[in-house]
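Colleague: Please walk me through the interface in this model. Keep it brisk.

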Amino acid sequence: MAISKELLSLLLLVFYLSSIASSSFSDPDSDSDLTNELVSLRSNSESGVIHLDDHGISKFLISSPTPRPYSILVFFDATQLHSKTELRLQELRREFGLVSATFLANNNGSDLNKLFFCEIEFSRSQSSFQRFGVNALPHIRLVTGSTSKLSDESGQMDQSDFARLAESMAEFVEQRTKLTVGPIQRPPFLSKAQISVIVAMIVIATPFVIKRILKGETLLHDHRLWLSGAIFIYFFSVAGTMHNIIRKMPMFLQDRNDPNKLVFFYQGSGMQLGAEGFAVGFLYTVVGLLLAFVTNVLVRVRNLNVQRLVMLVALVVSSWAVKQVVYLDNWKTGYGIHAYWPSSWQ
Amino acid sequence: MGAKKASPDLLNSSFSFKSLKLKTKQQELLLRVSILGLVYVLAFIARLFSVLRYESMIHEFDPYFNYRTTLFLTEKGFYEFWNWFDSESWYPLGRIIGGTLYPGLMVTAALIYWTLRFLRFFVHIREVCVLTAPFFASNTTIVAYFFGKEIWDTGAGLVAAALIAICPGYISRSVAGSYDNEAVAIFALLLTFYLFVKAVKTGSLSWALGSAFGYFYMVSAWGGYVFIINLVPLYVLVLLITGRYSMRLYVAYNCMYILGMLLAMQIRFVGFQHVQSGEHMGAMGVFLLMQVFYFLDWVKYQLNDTKLFQTFLRITVTSAILVGGIALGVGTASGYISPWTGRFYSLLDPTYAKDHIPIIASVSEHQPTAWSSFMFDYHILLFLFPAGLYFCFKRLSDATIFIVMYGLTSLYFAGVMVRLILVATPAVCLISAIAVSATVKNLTSLLRTKQKVPQTGSTKGVGSSKSSSKVTLDQSQPFQKNGAIALLVGVFYLLSRYAIHCTWVTSEAYSSPSIVLAARGAHGNRIIFDDYREAYYWLRQNTPTDAKVMSWWDYGYQITAMGNRTVIVDNNTWNNTHIATVGRAMSSYEDEAYDIMRSLDVNYVLVVFGGVTGYSSDDINKFLWMVRIGGGVYPVIKEPDYLVNGEFRVDKGASPKMLNCLMYKLCYYRFGELVTEYGKPTGYDRARGVEIGNKDIKLEHLEEAYTTSNWIVRIYRVKPPTNRL
């Protein structure tokens, strides 16, 4: 909420400052010339997303007579807002490019020239933003061939339409334009060349590795390495890190009532925040390691006073940690765990 | 678990033993056996809370299918069961039961039943089914004892048995009445592992054979056997890498793998997967690698020339890997080896299921685990686990390596899916038992040998004579006595908290049958909602025997088992398209849904509705999954149509499609006239805490047939088409 308000005021300010000189000196270009120009622009741009400015907007959308033979899907971008990660502008722009590339790859007839993917950038095309009536990002708008007024918001892509990124964007496009985009082709994580290099390296390295393994002198024979790996996996699991990854949980939340306050602990079982899991996982691990330390390392210390002191500290820390975890768990789940005593005792 | 620690005191102070004139060893044996006996009983009775609080009945969803098939098995015999084609579910497709289930559980229960009949105990098969899970949990404690003894010593074994007897992570799936595959599978899993570890330790063919049979039992009982067939090769691989290859390992693995594989192929549901599916290829690869190792060993022995051997080694290893890689590549490309299934893949890449398989992601037990669930199911075992790991690494052997690997892999999987906490439980109990046992043993021996020279006599502490020869860890503790006492008190306090936690959790959280619901009334009294059974019995008594009932798949097993009526889809989610069709019908307008229902010959529609009682896992809350699953197959159904700004609502602000879809209409039909809560308007939905948006619902093609006393289950009759003029 706060962000869009901030953006709104910023944009309004800019609009007052910017001149509203809308000029529509249109050449009597025929439709096909415009289309051809778009095609050539598209072939020069990365993944087929045409970068438009105020001039381009007026040329291809305002001055051209409706119905136009093409639709344009516009992505509204603002470089100055890329730092605000919660808007996900860069991610959405990447996905937008992906939809465009997929559209290009899957169409090669007359359909290809019926839809163009464009983006405009705020700092260079402020008047276009105003013309479209865009005052909050992220914003994606489809201008169909029959749309005469740019401020007509019917072509706006809803929040839910880019919730599932490229896939849902493509669905939106297919639904509105009756064109096919096809299944999204995401670039593989590793390119083919990279994979073949890695495979070749593995194949070459294998005999050497095996030789060392047989000799028994690798890192793998180090107990401490295995132990720390094991403790790490334990920590990773019990801290609910998989939960954080799968659910994409943030480390902490902002309090709704008081934006300056941060919420680190989420009440309610089955859900957790990132930092919360790590804190509790840390408490778990500390107690266990202290126990192992006290019974295995501390006994080798000669000085009795040191032993006593360390032991005392270990006991205090452990009991504090256990208490804390139990308290947190009861608070989180809302259960009051108690013992069952014989009724005659009460 | 208190029993083990009590032993030194008993040994010191008990007069009865002295008067019986038993030798120390006999005393120890007597103690051990009686502790085990008590733990065995404890494991059983702790699981009877559900019977005490409710009644002796089958719980939840899947167990009803298991119960139905077991009943069939005991009535018609094994061959009928094996060839059973069930036309009462998945109408009109039907389902081949014999070929699509793991028969281990049913056969086990039937065998127990027949044995009891043979001994002239005339019990009902339902009681056998209800008590199968506690019985096998008791058996698991015995296996845990032997396993603990194998990897550490008898003390650890006893503690492990006691810990696992009441561990909530295990109890959650093995209370009386939860007649599910896991009930016997955890026993089989632990048995297989124990026998395999024993085989690796002794190199004996008979133990390996036992392990193969344990594996066979596991394969017959639960799909989780894939965990064994991947963990065991992984363990062998780690042993190979760390230079622990031995003849014992060779014998154990080869025998277990080959025999286990051949036996597993006898289960029709598994079939040739061991040689065809990608999930099982790791085991085969390790099997071949073992042969290469053995061959190299032999050549080395023959050659006596290191340089020549090195060259030979390099050539062999490279070519073996190349051949293996090519075979795998060709097999996969030609389709002979099937790629990994979605469920397996989602374990390795946890984000996979969410994006690709909504039917897996929709099940609540497939959700990732938050820390509180770990705490709830393991309690102090979590604190003890790292200590146990440390002890294991201090005394590395083939057996401890195994338990560490088992613990870590299963704990990782438990983090991915809540239900897999169950698989990790035995390992967590065993490793924690090592921590408890080793600590307590060190401390008590210190207390007892205080007067003697502090550097001796620690190993015989609690009388675990068998392992004393190889105990290297238990250094004498030069602690002061008070330090040891403080630590002991701390450990005992923790263990007593564990016992309290486990009892409470078992009694309050894990004993609910979920087919009968309980709630606290305004005055703290318990209210029982028995609506499900009411509805199913109504179906059984009041509908034609060939009636087809459409409901969401969750209730399919219960309707066939208790209502004895044909269902369209059930909990065996084998045909996604069929489920999607039902999802589509539920999320369409009534007239569109009517066409779908006509095409499926549906006579009755059953929905579960919690708006009156505040029961939150009802069909409205599951509705988005119906839309997602339906939309996955039929693109006409779009999730955004049912949402308002990404939000799921049922009140006035809900989307028009939502307010008029079949599910909404069936759930809220006549609900607008009802006052559910004092001081609230009519039509106030207590499960979602809102006033509904469409109070005037008219049904055109369906009519209300039955609504249970608390409105939890509502059944509608599909009207026949009107006469054509």
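**The interface of chains A and B**

Colleague: How many salt bridges does the rule find across the interface of chain A and chain B?

Modeller: This is a predicted model, where local features need pLDDT of at least 70, side-chain atom pairs count only at pLDDT 80 or more, and totals for chains, interfaces and linings use all residues. Residues are numbered from 1 along each chain as written, chains are lettered from A in the order written, and side-chain values use heavy atoms, without hydrogens and water. A salt bridge needs a side-chain nitrogen of Lys or Arg within 4 Å of a carboxyl oxygen of Asp or Glu. Between chain A and chain B, the count is 0.

Colleague: Which helix gives the most to the side of chain A that touches chain B?

Modeller: Helices are DSSP runs (H or I, at least four residues), numbered from the N terminus. α7, α8, α9, α10 and α11 of chain A each supply at least two residues of that side. The top contributor, with 14 residues, is α10(A).

Colleague: How much area do chain A and chain B bury between them?

Modeller: Buried area is the accessible area (1.4 Å probe) that two parts lose on being put together, summed over both. Carbon and sulfur atoms hold 74% of it here. The total is about 6,100 Å².

Colleague: How many residues of chain B are in contact with chain A?

Modeller: Contact means heavy atoms within 4.5 Å. Chain A brings 66 residues to these contacts. For chain B, the number is 64.
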